[in-house]
Amino acid sequence: MAGLQREVDPEYLFSGVPRRQVFITGSEAVAEAVKRANADMAIAYPITPQSESMHLVGDLFAQGYLKDYYRGENEFAVMAAVHGASLGGGRVFTATSGPGTLRAMEMFPVWAGSRQPIVCAFMCRGVSLPPSIQPENIEMAMLLDTGMLMFHAEDAQDLYDLILRAFVIAEQPDVHLPAGVFVDGFFVTHTRSAVALPPDDLKLPAYDPRRAPVPTFDMETPPIRIVRDPLLNKSNFISYSANASWHQEIVAAAERARKHIRRYMGGLLEVEDPYAKIFLAASGTAVSQSREALKVLRSEGIRAGLIKIKSVRPFPTEEIVAATAHAELIVVPEFNIGGWLAREIKAAIDNNRRVVGGPRLFGGMTMPTELIVNEVRNALDWSGAKRPDLRAGI
Amino acid sequence: MIKGLFRISPGFEDVMPAEYKELVTTGPYGREVGVSDLGTFKELIEEHPLCAGCAESLALRLILASLPNPEDTVIVGSTGCSSLAFSQVAVHNIHSLFGNQNAVATGLKRALRLRFPDKVKDVLVIAGDGATVDIGLDMVMQSWFRRELITTIMLDNEVYANTGGQESGMSPQGAVLNMAPLGKKFPKVALPEIAREAGCVYVATISPDLPRRLGKVVRRAILVAREIGPSYVQIFCPCPTNFKFRSAEVLQKIRERQKEGTFQVREYVSPEAEAYLAGLEGAKQREEQ
């Protein structure tokens with residue numbers, strides 16, 4: 001019952017209370033997270049494969065778990081409205097997918113620039129012609145430099161966990177940035193899996209806008225008069241410099257998020273078999289497929305480890321450098337044509353000819369295990385070492 | 001605004017700028033002042049950078065002097081000339097992006113109602129004609145369809161002035177402007193009529209040539225939006241810079257347009273808003289007697 005929920009310490013909600021396993025879809029996992037998030041309002045606009053999760057969030061409003069909820073007129077307007085609600089001091093949630101993400105694009109740097117801890121779930125899907133509603137995560141590449149925190153869920157359990165953790169990390173006074181929780185649409189949103197949940201009579205502590213590092217626009221928070229000499233209408237070094245400092249502070253705030261990500265998410269990445277010479281490095285559902293590929297590789301006598309990247313922004317640069325220090329081959333399977341994760345990893349490590357970007361699946365294609373296995377096999381010579389002539393990536 | 005919020009902390013009196021001190025001592029917060037009292041209190045706008053003779057700047061002064069509740073008013077602006085003035089305004093104001101003002105105001109108003117259920121928090125949108133009738137029309141109209149309790153004011157200078165004089169939906173038909181090298185091909189958008197049909201309970205067109213009437217219109221628009229429904233005010237603010245007439249001739253220009261019938265002062269009040277305003281204005285008259 002909505003009225004009977006009590007606020008508890010986030011860490012108690014995350015790991016201090018026994019959980020019960022349920023068999024639910026990813027969309028249902030979103031609603032289970034929002035139910036315990038103590039959010040003030042959510043604003044929705046339909047798009048496949050996001051819609052079902054926001055229907056369920058609407059049901060939560062009808063049941064009293066949220067104080068306000070409505071269907072907006074398009075994704076740009078929805079992202080503008082949650083921006084307004086957050087400026088007014090509310091804790092807000094919304095979600096979208098692929099083309100909706102791109103339609104709303106102008107708002108995301110504005111959320112970060114206004115230092116707003118808005119949490120948005122992205123159920124990633126295709127964005128280009130020929131039209132596709134199928135899973136792929138190219139939209140993540142387009143959001144990498146918007147200033148928002150970006151977490152990539154592997155499965156429904158991750159999706160549930162990351163949404164709640166995103167609120168807590170995003171609202172830290174030394175962070176106070178928007179957080180996107182990304183998941184590969186359909187693969188996770190429309191399939192059932194076991195998800196462990198704490199009791200639903202517990203919720204996060206309420207958001208307190210008085211702890212924000214920027215004033216709330218409510219005529220109760222000084223300064224009432226925000227600026228005397230606005231940056232916009234001056235063309236001089238001081239205004240450029242002030243504007244640049246503001247941007248640097250957003251980047252610095254994302255850097256400060258690292259310690260909170262380590263505390264609440266157990267790290268920016270996870271490594272399996274850290275002493276392996278060959279790694280599969282992935283995020284999202286490509287991690288699950290990599291787990292299956294590892295079983296095949298091991299059965300063939302090829303030892304390989306796994307790097308699961310959970311936080312894409314901030315990017316786990318130091319962790320990847322350390323995890324791959326002795327690696328000879330790093331294969332990066334992805335659900336997009338651009339290969340943004342391979343690019344990120346190549347930019348982070350030295351001797352990046354060790355990185356093979358592939359396989360890449362898109363347009364609705366699934367990622368059969370043998371494609372990943374073949375990518376590893378093709379990169380190895382008869383002795384099992386990485387072929388010296390191999391070009392970096394595809 | 002909680003009482004005393006605006007007071008200067010002891011020890012800081014000598015470092016605060018003069019205009020801030022004036023706001024504390026003679027500002028309009030918590031006082032009943034209006035257009036007729038201009039000159040007797042410290043105005044909310046300070047040293048704006050708009051052009052000499054700009055009708056928008058005059059309209060802004062009059063709007064800000066007419067707020068029934070400046071201590072609990074939040075303004076949402078948009079990109080354009082007026083956004084250059086807002087950072088010097090002493091009420092919380094938001095400049096987000098170009099055209100999204102009514103969507104931002106929707107979220108803001110709803111959050112403020114949740115957080116301050118026992119307080120009146122007026123949310124006022126003030127944007128130019130391009131922001132309201134072109135790039136933002138979708139979100140403006142949708143906020144009216146949803147009956148959001150916000151007031152929308154358009155500063156209609158009939159042109160994209162800040163970007164260098166391009167045609168807008170509110171430019172007069174035939175006007176030769178940038179991006180309309182052969183003259184505008186269609187008439188001014190009838191937004192007041194659209195507003196009425198879209199759900200606004202109070203719609204008015206006015207100009208800064210009639211300051212007291214403008215003050216009354218703005219107050220009424222804000223008051224009805226507290227309880228009855230959305231309201232829309234369109235303020236005619238011809239632009240001397242882009243339409244190339246003298247700064248001193250702005251008010252004369254308004255009168256000429258009024259005479260030729262291409263600008264009219266109008267007011268539409270829904271029966272429900274009429275009854276609500278009659279109640280409020282009647283009570284005020286009785287109070288004064």
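In the predicted model, A:Asn38 is placed in the loop between H2 and E3 of chain A. A:Asn38 is not a glycine, yet has a positive phi of about 55°. Most residues other than glycine have a negative phi, and most peptide bonds are trans. With 19 other C-beta atoms within 10 Å, A:Asn38 is partly exposed, the threshold for a buried residue being 20 or more. A positive phi, of about 45°, is also found at A:Asn351, again not a glycine. A:Asn351 belongs to the loop between helix H12 (340-348) and strand E16 (355-360) of chain A. A:Asn351 is classed as exposed because 10 other C-beta atoms lie within 10 Å, where 12 or fewer is the limit for that class.

Chain A also contains cis peptide bonds. One joins A:Thr48 to A:Pro49, with omega about 0°, and A:Pro49 is located in the loop between E3 and H3 of chain A. Another links A:Leu129 and A:Pro130, with omega about -10°. A:Pro130 is part of the loop between strand E6 (119-124) and H7 of chain A.

Helix H2 (residues 26-35) of chain A packs against helix H3 (residues 51-62) of chain A at an angle of about 35°, the axes being 8 Å apart. The crossing of H2(A) with H3(A) is right-handed. On the H2(A) side the contact is formed by A:Ser27, A:Glu28, A:Val30, A:Ala31, A:Val34 and A:Lys35, and on the H3(A) side by A:Glu52, A:Ser53, A:Leu56, A:Val57 and A:Leu60. This contact of H2(A) with H3(A) comprises six nonpolar, two polar and three charged residues. Ten of the ten residues of H2(A) are buried, so this helix is largely enclosed by the rest of the structure. Among the buried residues of H2(A) are the charged side chains A:Glu28, A:Glu32 and A:Lys35.

Chain A is divided into domain 1 (2-211) and domain 2 (269-379). The centres of domain 1 and domain 2 of chain A, taken over C-alpha atoms, are separated by 27 Å. Domain 1 of chain A contributes 23 residues to the contact and domain 2 of chain A contributes 19 residues. On the side of domain 1 of chain A that touches domain 2 of chain A, two or more residues each come from helix H7 (138-143), strand E7 (149-152) and strand E8 (179-184) of chain A. The largest share of that side, four residues, is supplied by E7(A). By class, the side of domain 1 of chain A that touches domain 2 of chain A holds 14 nonpolar, five polar and four charged residues.

The largest nonpolar core contains 203 residues, and those with the most contacts inside it are A:Ala42, A:Leu159, A:Ile163, A:Val181 and B:Leu108. Helix H8 (residues 156-170) of chain A gives the most to this core, with eleven residues. Domain 1 (2-211) and domain 2 (269-379) of chain A both supply residues to the core, which therefore lies between them. Residues up to four places away in sequence aside, A:Leu159 touches A:Gly26, A:Ala29, A:Val30, A:Ala153, A:Val181, A:Val183 and A:Val188.

The contact between the chains takes 33 residues from chain A and 34 residues from chain B. Strand E3 (41-44) and helix H4 (75-87) of chain A are the elements that give two or more residues to the side of chain A that touches chain B. H4(A) gives the most to this side, with nine residues. The side of chain A that touches chain B consists of 18 nonpolar, six polar and nine charged residues.

Within chain B, helix H6 (residues 137-145) and helix H7 (residues 191-198) pack at an angle of about 35°, with axes 8 Å apart. B:Met141, B:Trp144 and B:Phe145 of H6(B) meet B:Ile194, B:Ala195 and B:Ala198 of H7(B). The contact of H6(B) with H7(B) has six nonpolar, no polar and no charged residues.

B:Val123 lies in strand E3 (residues 122-128) of chain B and counts as buried because it has 28 C-beta neighbours inside 10 Å. Apart from neighbours within four places in sequence, the contacts of B:Val123 include B:Val74, B:Val76 and B:Leu108. B:Ile63, in helix H2 (residues 55-66) of chain B, is likewise buried, with 26 C-beta neighbours inside 10 Å. B:Ile63 is in contact with B:Ile126, B:Ile153 and B:Val218, leaving aside neighbours within four places in sequence.

Key: Residues numbered from 1 in each chain as written. Chains lettered and ligands numbered in written order. Predicted model: local features only at pLDDT ≥ 70, side-chain atom pairs only at ≥ 80, totals over all residues. Axes fitted to C-alpha atoms, helices over the stretch in contact; angles between N-to-C directions. Left-handed = near helix turned anticlockwise from the far one by under 90°. Contact = placed C-beta atoms within 7 Å. Core = buried A, V, L, I, M, F, W, Y, C linked by C-beta atoms within 7 Å. Domains from an automatic or database assignment.
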